[in-house]
Amino acid sequence: MLSLLRQIAVDFWAVFGEMSPYLLFGFFVAGLLSMLVSRKMVERHLGGPGVLPLFKAAIFGIPLPLCSCGVIPVSMSLHKQGASKGATISFLLSTPQTGVDSILVTYSLLGPVFAIFRPLVALVTGVVGGLLVNLFGQKTNAPALSADPPPNGTPNPTWTKRLLDGMEYAFVTLPRDIGKPLLLGLAIAAIISALTPDDFFADKLGRGLPAMLVMMAVGIPIYVCASASVPVAAALILKGLSPGAALVFLMTGPATNAAGLATIWNALGRRTALLYLLTVAGCALGAGLLLDALVYNTAIEAVHHAHQMIPPIVENLAAFALLALLGYGFYTRYCRRRPA
């Protein structure tokens with residue numbers, strides 16, 4: 001029993017250390033994005049008919065580090081400000097599947113093919129979903145887009161203030177928001193790695209469509225953020241799951257969950273929610289089949305060896321720094337709010 005727990009701890013720390021430098025850099029870039037890209041600028045480009053607003057919505061959503069629950073209030077705000085239903089769904093589909101932090105984590109654990117393929121699939125999924133909603137969704141009149149005047153007497157924030165706010169978002173808010181699911185995902189990945197025999201999933205599920213359908217059935221109802229899903233997918237591939245089936249989990253897990261689907265159902269209508277779910281399922285299966293056709297029998301071990309250009313001491317220091325950020329995030333969320 002002790003040897004098993006030791007192996008779980010070793011696997012946990014190995015993956016945590018490998019992804020930490022990339023995740024910290026992803027946090028920093030996310031903070032810069034929050035500083036440079038204002039919500040008004042996003043909203044201004046998402047109204048009107050045609051494919052261009054859908055494409056813009058998907059492009060805007062891809063680098064944003066919002067999970068399938070966190071993206072809901074942002075997308076509803078965009079819709080109220082004048083974004084079309086199609087653009088809203090495009091943003092809803094592309095945003096939670098990936099983000100600048102999860103793209104870097106994907107590169108660190110799964111290699112450049114996954115890191116490039118994943119955001120491209122998120123873009124295609126967003127545009128396809130937006131087109132389907134524009135063609136077949138209920139027609140509603142979104143409120144006209146108007147620019148909100150700045151509050152009287154409120155000066156524009158200085159560059160220094162914006163930078164400080166961006167770094168607070170990067171290194172306090174983001175670690176606080178993703179810390180719990182991230183650690184849970186790493187724990188699940190370590191347990192899978194320690195307990196599951198090699199080629200278990202290849203023997204039990206096989207490859208191709210059956211394995212993808214199982215991963216889709218697992219991924220759709222659960223809540224997992226884009227970064228936390230990556231170590232789980234890496235562990236599954238190490239145990240014999242095909243890259244395409246792992247991609248199905250990487251798409252459906254972050255893009256859907258029961259609470260998010262219920263919100264879309266109530267806010268945008270039953271038909272839109274069904275089109276959203278159909279788009280996720282169809283694009284995930286199509287992307288999974290395409291990826292397996294491109295990189296069949298990809299070995300994740302080769303990816304790990306390829307990324308040893310980061311010295312172990314740097315990985316360990318980054319891991320301790322990330323632990324400190326996550327610990328502070330937990331403190332601000334659960335301890336600071338308690339009355340003295």
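Is Ala273 buried or exposed? Ala273 is buried, at a relative accessible area of 5%, where buried means under 20%, exposed over 50% and partly exposed in between (1.4 Å probe, protein chains only). Please keep in mind that this is a predicted model, in which local features need pLDDT of at least 70 and side-chain atom pairs count only at pLDDT 80 or more, while totals for chains, interfaces and linings use all residues. Residues are numbered from 1 along each chain as its sequence is written, and side-chain values use heavy atoms, with hydrogens and water left out.

**The chain as a whole**

- The chain has 16 helices and zero strands; these are DSSP runs numbered from the N terminus (helices: H or I, at least four residues; strands: E, at least two).
- Of the 340 residues in the chain, 50% are buried.
- Among contacts in the chain with a separation of 6 or more, 88% involve residues 24 or more positions apart; contact means heavy atoms within 4.5 Å.

**Around Ala273**

- Ala273 sits in helix H14 (residues 270-294).
- Setting aside neighbours within four places in sequence, Ala273 touches Leu261, Ile264 and Trp265.
- Val133 is 140 residues from Ala273 in sequence, yet their C-alpha atoms are 9.3 Å apart in space.

**Helix H1 against H6**

- Two packed helices are described by the angle between their axes and the distance between the axes.
- H1 (residues 2-36) and H6 (residues 100-110) pack at about 155 degrees with axes 7 Å apart; axes are lines fitted to C-alpha atoms, for helices over the stretch in contact, and angles run from 0 to 180 degrees between N-to-C directions.
- H1 and H6 are therefore roughly antiparallel (under 35 degrees counts as roughly parallel, over 145 as roughly antiparallel, 65 to 115 as roughly perpendicular and the rest as oblique).
- The residues in contact include Val15, Met19 and Tyr22 of H1 and Leu104, Val105 and Tyr107 of H6.
- By class, this contact of H1 with H6 has 14 nonpolar, two polar and two charged residues (Ala, Val, Leu, Ile, Met, Phe, Trp, Tyr, Cys and Pro count as nonpolar; Asp, Glu, Lys and Arg as charged; the others, Gly among them, as polar).

**Helix H1 against H16**

- H1 and H16 pack at about 70 degrees, with their axes 8 Å apart, and are therefore roughly perpendicular to each other.
- Residues of H1 including Trp13, Phe16 and Leu24 meet residues of H16 including Phe320, Leu323 and Leu326.
- The contact of H1 with H16 has 14 nonpolar, three polar and two charged residues.

**Aromatic pairs**

- A search of the whole structure gives four aromatic pairs; rings of Phe, Tyr and Trp (its six-membered ring) pair if their centres lie within 6.5 Å, with planes under 30 degrees apart counted as stacked, over 60 as edge-to-face and the rest as tilted.
- One of them is the tilted pair of Trp13 and Phe320, at 5.2 Å centre to centre and 50 degrees between the planes.
- This pair links distant parts of the chain, with Trp13 in helix H1 and Phe320 in helix H16 (residues 312-335), 307 residues apart.
- Trp13 counts as partly exposed because its relative accessibility is 26%, whereas Phe320, at 52%, counts as exposed.
- Tyr328 and Tyr331 form another tilted pair, with 6.2 Å between centres and 35 degrees between planes.
- Tyr328 and Tyr331 are three residues apart in helix H16, so about one helical turn separates them.
- Phe12, Trp13, Phe16 and Phe320 make up one aromatic cluster.
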